[in-house]
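Please look over the sequence and the structure first, then read on.

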Amino acid sequence: MMDNNPEECSVCFNNYDDNQLRPRTLPCGHTFCSQCIDNAIKNGQLTCPSCRAEHAATAATQFPINYGMEALIRKLKGIEVVPEKTLPVKPIKTSARGISKKLHSMVEDQKRIISSLITSCEEVFSQLGEYRGQLGDWKTHHLQLQDRLYALVEQNKSAMKLLELEDTSVVDMTTQGEEGKTQLQAMLGNLDTVNTLQEDDTTIDTADECSTKIKD
């Protein structure tokens, strides 16, 4: 594609120009625009997009401009050759550009890391909020259980009082029944020794009265 369109950068496919897209030649012999070379520099290293050769680099300006390519492009376009204004590149400025680009990359990386941490914090806060809501629900549930248990305890106390009263009543009734039984047994014996009608009537009346009490 580069042979068919020599006026284009084989990476971004934009036409070379006299500004950000000036053609520059790498030590491996391949040519690309200045912008693509700058974008390809990572941590002081440049990997050639064509042959993958590694070159130490901090900025595209350290690689020479391909004047032959520019002359060919002007010839193809029929543009008159204009004397090029070449400004000397001071090492300090070149280094400053490289450092600025590296610092910018480092800052962007740190911003991404911090943003990721903030997102993680927000996710944890959301989970803690949900968990606190569950804790509130559990607390309410156990308070309700506590209230129910208290009510059951009070009901149990009332039931125990009733049971004690009933037990006392049963004891009293049993005692009265035993006394009545004893009287009936005595009367039964008296009937065997009755000699007169009057004694018989008296014994029967007493027995009837005692029987009524026993039934009650």
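## Salt bridges

Two salt bridges are present in the structure. The model is a predicted one. In one of the bridges, the side chains of Arg22 and Glu70 meet at 3.0 Å, N to O. Arg22 is placed in the segment before strand E1 (23-25), while Glu70 belongs to helix H2 (residues 67-77), so this pair ties together parts that are 48 residues apart in sequence. Arg22 and Glu70 are both buried.

Glu154 and Lys157 also meet through their side chains in a salt bridge, with 3.8 Å from N to O. That distance still counts, because the cut-off for a salt bridge is within 4 Å. Glu154 and Lys157 are three residues apart in helix H3, and about one helical turn separates them. Glu154 is partly exposed, at 31% relative accessibility. Lys157 is partly exposed too, with a relative accessible area of 47%.

## Overall layout

The protein has four helices and five strands. Followed along the sequence, these elements come in the pattern β-β-α-β-β-β-α-α-α. Helix H3, which holds Tyr131, covers residues 91-191.

How much of the protein is buried? Of its 216 residues, 18% are buried. The protein exposes about 16,700 Å², and 57% of this area is supplied by carbon and sulfur atoms. Among contacts with a separation of 6 or more, 39% are between residues 24 or more positions apart.

## Cysteines without a disulfide

The structure holds zero disulfides. A disulfide would need the two sulfur atoms to lie within 2.5 Å. Cys9 is buried, with 0% relative accessibility.

Cys48 gives a second case to consider. Its closest cysteine sulfur belongs to Cys28, at 3.5 Å, and this too is too far for a bond. Cys48 counts as buried, at 0% relative accessibility.

How many aromatic pairs does the structure hold? There is one aromatic pair. Tyr131 and Trp138 make up this pair, with 6.4 Å centre to centre and 80° between the planes, an edge-to-face arrangement. The label follows from the angle, because planes over 60 degrees apart count as edge-to-face.

Tyr131 is found in helix H3 and is partly exposed, at 44% relative accessibility. Trp138 is partly exposed as well, with a relative accessible area of 46%.

## Positive phi angles

Phe13 lies in the segment before E1. At 44% relative accessibility, Phe13 is partly exposed.

Asn43 likewise has a positive phi, near 55°, and is a residue other than glycine. Asn43 sits in the loop between strand E3 (41-42) and strand E4 (45-47). Is Asn43 buried or exposed? Asn43 is exposed, with a relative accessible area of 73%. That class applies because the cut-off for exposed is over 50% relative accessible area.

How values were computed. Residues are numbered from 1 along each chain as its sequence is written. This is a predicted model: local features need pLDDT of at least 70, side-chain atom pairs count only at pLDDT 80 or more; totals for chains, interfaces and linings use all residues. Side-chain values use heavy atoms; hydrogens and water are left out. Rings of Phe, Tyr and Trp (its six-membered ring) pair if their centres lie within 6.5 Å; planes under 30 degrees apart count as stacked, over 60 as edge-to-face and the rest as tilted. Buried means under 20% relative accessible area, exposed over 50%, partly exposed in between (1.4 Å probe, protein chains only). Helices (H or I, at least four residues) and strands (E, at least two) are DSSP runs, numbered from the N terminus. Contact means heavy atoms within 4.5 Å. Accessible areas come from the Shrake-Rupley method with a 1.4 Å probe; for residues, only the protein chains shown count as cover.
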